[in-house]
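Dear colleague,

I am handing over a structure that you have not worked with before, and I would be glad if you looked it over. My notes follow below it.

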Amino acid sequence: VDKHGGGTLEENSASMNQGSTLGICISVDAPGVSFDKIESLTLNQKYGNSVVVSSSPVTGGVRNDLTNTDCNRNAGKTCFIQTVVTSKFFDKAANNANITVDGKAILKFGRRRLDSEQEDVDDKIRISM
């Protein structure tokens, strides 16, 4: 379980090369909850306590040209992000350090009635991953 108590984290220690595609899959299993979109995604590579390399494939809900997002899998319960790992992550200063991923996803909560006029509204909430 991740540090926020939701989802399952799986680590893959397979080696990557410059130009490799990094795939990130996140899912939600709560009833009535689905993904709307990925709001932000940042790749960080740390050596010691310092960030050596950082990249933001998704910022403000907009992906760069090297990134694809699909949050419609499994009726919106699964979001899959693919991004190309650029050459800067293979610099000697990084010393083959692991790449960590941080980001935010926007979730949709099913329809609910808000007032006596029974108006339906889609609710959204931000989560960190």
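This is a predicted model: local features need pLDDT of at least 70, side-chain atom pairs count only at pLDDT 80 or more; totals for chains, interfaces and linings use all residues.

Residues are numbered from 1 along each chain as its sequence is written, and side-chain values use heavy atoms, with hydrogens and water left out.

Asn72 belongs to strand β5, which covers residues 67–73; helices (H or I, at least four residues) and strands (E, at least two) are DSSP runs numbered from the N terminus. Although Asn72 and Asp36 are 36 residues apart along the chain, their C-alpha atoms are separated by 8.3 Å.

Side chains of opposite charge can pair when their charged atoms come close. The structure holds 2 salt bridges, each defined as a side-chain nitrogen of Lys or Arg within 4 Å of a carboxyl oxygen of Asp or Glu. One of them joins the side chains of Arg73 and Asp70 at 3.2 Å, N to O; Arg73 is partly exposed at 40% relative accessible area, and Asp70 is partly exposed at 29%. Another joins the side chains of Lys37 and Glu39 at 3.7 Å, N to O, where Lys37 is partly exposed with 34% relative accessibility, whereas Glu39 is buried with a relative accessible area of 14%.

With kind regards

Note on methods:
Buried means under 20% relative accessible area, exposed over 50%, partly exposed in between (1.4 Å probe, protein chains only).
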